Structure formats: C-alpha cells, structure tokens
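I opened my notebook to look at how the chains are built and where they touch. Here is what I looked up.

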Amino acid sequence: MAEINIRNVRKSYGRTQILHGVDLDFKSGEFVVILGPSGCGKSTLLRMIAGLEEISAGEISIDGTVVNNLEPRDRGCSMVFQNYALYPHMNVAANIGYALKVAGVPRAERDRRISETARIVGLEEMLDRKPAQLSGGQRQRVAMGRAIIREPKVFLFDEPLSNLDAKLRVQMRVEIRRLHKRLSATSVFVTHDQVEAMTLADKLIVMNKGHVEQVGTPLEIYHRPRTRFVGTFIGSPAMNFFDSTIAPGGKFVLLDGIQIAIDPVLGRDNADNAVSAGIRPEHCRLVKAGTANSVPATVDFVEELGSGRNVHVDIDGTIFAVSGDESQLFKTGATVGLQLPSEHIHLFSRDTGLRLDDAPALKHTTNQSTVAA
Amino acid sequence: MIERTPILNMVTYFIMMFGLLLILGPFWMIFTASTQSLAQVNAVPFNLLPGTEFLHNLQAAWHRANLGPAMLNSLIMALLVMVGKIILASISAFAIVYFRSPLRHVFFWLVFMTLMLPLEVRVVPTYNIAADVFEPVRWLIQTLTGIELSLQWNLLNSYSGLVLPVIATATGTFLYRQFYMTLPDELTEAAKMDGARPLRFFIDILLPLSRTNMLALATIMFVYAWNQYLWPKLMTTEADYQTAMVAMTTLVPNINSLPEWNVSMAGALIIMLPPLIIVAALQRWFVRGLVSTEK
C-alpha cells in the first residue's frame with residue numbers, strides 16, 4: 001500500500017508535448033481510474049509511474065520517495081499490459097513465478113506462492129500450460145497472477161480488458177474489483193471505456209489532450225461535469241448540447257426563441273453570457289405536443305435497447321437524444337413535446353468550456369463587471 | 001485460387017525436373033566415379049553406371065589423405081566457429097536493438113559493411129594480425145606513451161587461429177536483429193517490471209525464444225565453417241592442424257601422379273557427409289527459422 005503524488009509532471013517527445021503539467025494525489029489503497037480518449041496521455045502517465053517512460057519535468061513520488069530516477073524494479077509497482085505480454089516459452093507457473101525467480105526466492109517458497117496465487121486467480125488446473133494454449137480470459141488471469149505474486153505496493157493496469165470480448169470483460173471487471181478489495185493495494189487503471197471507469201473507480205480522473213479535466217468520484221463527475229468535454233465524454237448516449245445566451249434577467253436560456261428555465265441565481269451571475277447548455281438524455285422528457293413548458297420537436301429515429309429506447313428528436317436542426325422508457329411509443333416523423341427540466345441543465349462557458357457554477361475565476365470577473373456597471 | 005491448367009503444369013514440372021537434373025547430375029557422377037576402378041574412371045566416354053570398387057576407393061582415400069584426424073580437426077573447427085558465431089551474433093544484435101546509444105546505428109552499419117569484406121579480400125591483414133595479435137596494441141601504447149611492451153600472442157597453427165578470425169558474422173547479427181525486432185516491446189517491459197536486468201532478460205527470455213533462429217543460423221554456419229579452405233590452408237603448416245578440406249588436395253591428381261579420380265571422388269563423398277547430416281537433422285528448424293518466427 002502506498003500513496004502516489006504527482007507534481008507538475010510533463011512529458012514531451014522532442015518538441016511535441018504530450019502531458020502539460022499534471023498534478024494528482026492518489027491515496028493509499030484507492031482504486032484510481034484514468035479515463036480519456038486515445039492520445040490524451042493517460043497511458044504515458046501510467047508508464048511514467050511504472051518507470052517505463054522518462055519523466056521530462058516534474059516529480060512522481062510513491063510512498064514519499066521520489067521515484068523519477070529509480071528503475072522500474074525498485075519502484076514496487078507491478079503492471080498488467082493490454083496484450084498481456086506473457087513469456088511465450090514459459091508455462092503458466094513459470095510466468096507467474098518469474099519475478100520471484102529473478103529476486104532469488106528459494107524454490108520451495110516460490111512454488112508455495114505460485115500455487116497460492118494461482119488459486120486466487122483461478123488457474124490451479126492450468127499451471128503446466130503454455131500461454132498459446134490458453135484463452136484470452138485465462139491469459140489475462142496469468143498476467144494478473146504475475147502482477148500480484150510480488151505483493152506490490154502499487155498495481156498498474158494499462159487497458160487490460162480491451163482485448164477481451166464483451167461478456168468476459170464484464171466478468172473480469174468484477175474480478176479485478178474483488179481482487180482489489182482483497183489485496184487493497186493502490187491501483188491505477190487506465191481505460192477509454194467509460195463503463196469500466198464508472199464501475200471500477202473510487203476516484204475517477206478524466207484526461208484530454210494532456211490535461212486533467214476533472215478529478216472526482218464517478219457520481220460527482222457524472223452529475224457535475226466540470227467542463228463541456230467531460231459532459232460529452234461520460235454518458236451514453238452523450239449529453240445533448242445547445243448553444244444559447246442567458247436572457248436578460250437570468251431566468252431563461254434561449255434556444256431559437258424558445259425559453260428554457262434555469263437556476264435564477266446562476267443566471268443572474270452570468271446574464272448575457274454566451275453559454276453552451278447541456279442536458280443528459282435520461283433527464284429529458286418526451287410529452288404530447290403542445291404540453292406546457294415543452295419545446296416542439298420531431299422524432300428523427302428510434303433505437304431499441306430492450307430495456308428502453310433511445311429516441312432521437314429534431315429541434316430545428318439540432319438532434320437531441322432522449323432515453324425513453326418502454327411504455328412510450330413514437331413513430332418516426334411524429335411531432336412531440338420535449339421537456340428540459342431546469343434542475344438538470346448544465347451550463348458551460350462557450351469560450352472556455354468550463355462549468356459556470358464551478359468556475360470561481362469566471363464568477364469573480366463577472367461580479368466585478370457588475371460592480372463597475 | 002484453384003486453376004486447372006494441365007499444359008502449364010506440365011511445362012513447370014518439366015522445368016523443375018530439368019533443374020533437379022542439373023543439380024543432382026554432378027553428384028551422381030561423383031558417386032559413380034567413386035565406385036569405379038582406375039581404368040573405368042578414365043574410360044571415354046564416361047560410364048554412368050556404378051562399378052564395384054566403392055569400398056576399396058573409400059579405404060584408399062581415407063588412408064592416403066589421413067582423413068581421420070583431418071575430419072576431427074574440421075569438426076572441432078566447424079563446431080567452435082558455429083557456436084562462436086551464434087554467441088557473438090546474438091549478443092551484438094542484443095546491444096544494437098535493446099540499448100539506446102547514439103552510436104548504435106553507426107555500429108550496426110559498420111557490422112553490416114563487413115558483408116562486403118569477406119575473408120578473401122582481407123586475408124593478408126588478417127594473417128598479419130593472427131601472427132601477432134597484440135601488434136596494434138603495442139604500437140598504440142608505444143606511440144602514446146613511448147613504452148615498449150613485449151606482449152606476444154601468435155595464433156598460427158592453433159585452434160584459436162582457425163576459429164577466431166572467422167567468428168564475426170554480419171549475416172548472423174542481421175538475422176538476430178530482425179528476430180529481436182519482431183518481439184513486442186511489452187515483453188521487454190514485462191521483464192523490466194518483473195525486475196530482470198538486461199543480461200537476465202537476454203538469457204531467460206531472448207535466447208529461449210530465438211531457438212528456431214539459432215538452429216537456422218547453426219546450420220548455415222556449420223556448413224560455412226566446414227567448407228573453409230583458404231584460411232585453414234594459410235593458418236596451418238603443421239599436419240596436426242590440417243582440416244579435411246586442406247587434406248582433400250592431396251587426393252587431387254597432379255601432373256606427375258596417376259589420374260586416380262575414383263579415389264579423390266570417394267574422398268569428396270566422405271568429406272561431404274558431416275554437413276549433409278547436419279542439414280538433414282536441422283532442416284526443419286532451418287526452414288522455419290528463415291521463413292517465420294515461432295509464436
């Protein structure tokens with residue numbers, strides 16, 4: 001178990017900067033998930049913690065020790081790779097026990113720990129097989145066994161589930177979480193899959209283009225995305241956005257002349273600002289055309305999910321996704337009413353992409369300008 | 001794609017048979033010559049049917065060229081060269097592929113360039129060095145410090161002299177480099193995370209994985225070393241170190257001797273045997289190692 005502190009860490013290859021100063025703190029025993037689109041620098045960050053990638057600037061410390069110049073073997077981390085990276089010529093037992101062999105652990109002790117680890121990851125029957133004779137899920141387990149046998153302070157997972165089929169992925173997800181509960185070592189898990197991220201994380205970190213966009217619990221991030229990017233990236237179907245301005249008086253945002261109520265306090269602070277308003281598909285409601293407080297819309301197409309359906313509606317050329325329940329049936333082309341409850345509307349600045357009620361700097365300047373006026 | 005082209009098939013088979021005949025024909029002539037008597041082998045036209053003197057000719061060749069010790073010398077030399085080349089090639093390719101040094105491309109190209117400098121081209125300077133290994137060192141030390149050393153190491157008439165100068169191999173280094181480059185980076189990283197230092201990684205992971213590659217190289221290099229003629233001929237003046245290829249020359253008839261081509265062909269057959277056995281034993285690996293890498 002160990003804390004990890006990351007201070008202003010940067011990474012560049014020649015002139016191209018991959019990470020632009022990342023500051024993060026992981027508590028001991030936490031399960032941290034780093035989520036982001038490909039190329040956002042999440043894997044690079046993980047590999048820098050592992051010691052496989054040099055740190056261009058800044059400092060990473062594990063358990064209070066700065067590890068910038070330590071070799072991977074001296075950092076007390078173990079890692080599960082995306083393609084497992086098993087040693088093809090060794091059987092399962094040798095693969096799992098290799099770290100101990102290198103460390104010079106005596107044979108009897110080694111065998112005992114190999115069989116104990118094999119029991120934890122459910123591979124007792126497979127110890128004599130070569131990796132080529134194993135299925136994807138079993139290889140994944142070998143990779144995990146290889147990581148846990150060293151009893152490391154920190155577990156690093158580099159998209160370990162992306163090579164598995166959907167069913168196995170769900171199963172391994174549960175197993176990883178169970179394993180973490182049992183071993184309670186600090187774990188850092190990198191993924192681009194938001195479902196994995198939401199289900200596994202104690203602490204979720206969303207990254208984009210080499211910056212940390214938001215840090216928080218999965219629910220905080222889901223319910224209060226700090227930037228427009230986070231709002232779009234998390235949730236499926238993605239959050240709906242419409243560009244609008246806050247009407248004078250601050251009670252409404254305008255969408256092509258249609259008024260949508262918002263939180264008046266927030267509106268007053270930001271009156272006349274160009275904003276981007278977002279609302280999640282599950283918070284929109286479809287009602288009969290002409291119902292009070294509804295925006296007229298046309299049903300564009302319907303996706304059936306079994307447990308419900310995603311209805312895509314067209315409001316003057318803007319497509320909105322709405323998660324409908326089973327009871328509502330809509331035909332393509334039908335005119336309906338769309339209700340957008342004000343308590344679920346997220347407002348982001350159109351310039352900076354930052355959330356309005358979460359950006360002190362923005363609030364501060366607007367306050368000043370109000371005073372000046 | 002399945003095509004039915006009987007005429008084209010026949011033509012291709014005919015070409016293949018013709019090629020096979022071109023290759024096997026001379027071997028058949030060596031064999032028949034080695035079974036004939038002195039009179040038969042010199043008959044015109046040459047008789048392509050085997051005679052009855054095979055065992056007698058083999059015996060004559062074996063004793064006349066003293067092939068027993070010569071074959072042993074050749075075997076020792078070929079095995080040492082083979083092992084040495086594999087060790088050197090695997091290690092130098094390891095250095096070139098896995099260590100990030102600004103000069104590694106320079107080194108790689110230097111090694112690669114030696115492909116253009118076979119032994120035959122550099123035989124005189126190589127002989128000089130072999131006769132006095134420390135000469136360049138002595139010269140360097142004397143020029144730099146003025147101290148005259150009396151270090152001497154002479155490789156002439158020794159196994160190290162037969163082996164060391166032909167042990168460097170650009171082909172082998174290149175083959176190993178290509179093999180290392182097919183291995184995924186994650187394998188190296190996994191070994192790093194498991195705590196293996198470079199040498200450990202090389203011995204535990206790279207060498208076992210390169211088994212097919214290694215055996216393919218062994219086949220080529222054994223045959224290459226066995227067939228060496230020029231270098232052993234220059235290096236060895238004592239009969240104790242004579243190799244089979246050099247000994248073979250005593251069987252070739254000259255202007256003053258009987259034209260005993262039957263005996264020299266029998267000798268050729270004997271000398272051909274060890275490489276044939278090696279190739280036959282390793283050909284499965286040989287093909288696999290050159291075509292693809294085992295996963």
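Predicted model: local features only at pLDDT ≥ 70, side-chain atom pairs only at ≥ 80, totals over all residues.

**Notebook entries**

I started with the domains of chain A.

Next I checked the UniProt record. The unreviewed entry lists "domain: ABC transporter" for residues 4–234 of chain A. I looked at that span. Residues 4–234 of chain A are 37% helix and 26% strand, and the end C-alpha atoms lie 25 Å apart.

Then I turned to chain B. How many helices and strands does chain B have? I found 15 helices and 0 strands. The radius of gyration of chain B is 24 Å, well over the 19 Å that the globule rule gives for 295 residues, so chain B is more spread out than a compact globule. Along its principal axes, the C-alpha trace of chain B spans about 70 × 70 × 30 Å. I also looked up burial: 30% of the 295 residues in chain B are buried. Of the contacts in chain B between residues at least 6 apart in sequence, 74% join residues at least 24 apart.

Last, I looked at where the chains meet. Chain A gives 17 residues to the contact, and chain B gives 15 residues. On the side of chain B, helix H10 (185–193) and helix H11 (198–209) are the elements that give two or more residues. H10(B) has the largest share, with 6 residues. I sorted this side of chain B by class: 8 residues are nonpolar, 1 is polar and 6 are charged.

Methods
Residues numbered from 1 in each chain as written. Chains lettered and ligands numbered in written order. UniProt positions renumbered as here; feature names shortened; annotations may be inferred. Helix = DSSP H or I, 4+ residues; strand = E, 2+ residues; numbered from the N terminus. Contact = placed C-beta atoms within 7 Å. Nonpolar A, V, L, I, M, F, W, Y, C, P; charged D, E, K, R; others polar. Rg over C-alpha atoms; globule rule 2.2 N^0.38 Å. Buried ≥ 20, exposed ≤ 12 C-beta atoms within 10 Å, placed from the backbone.
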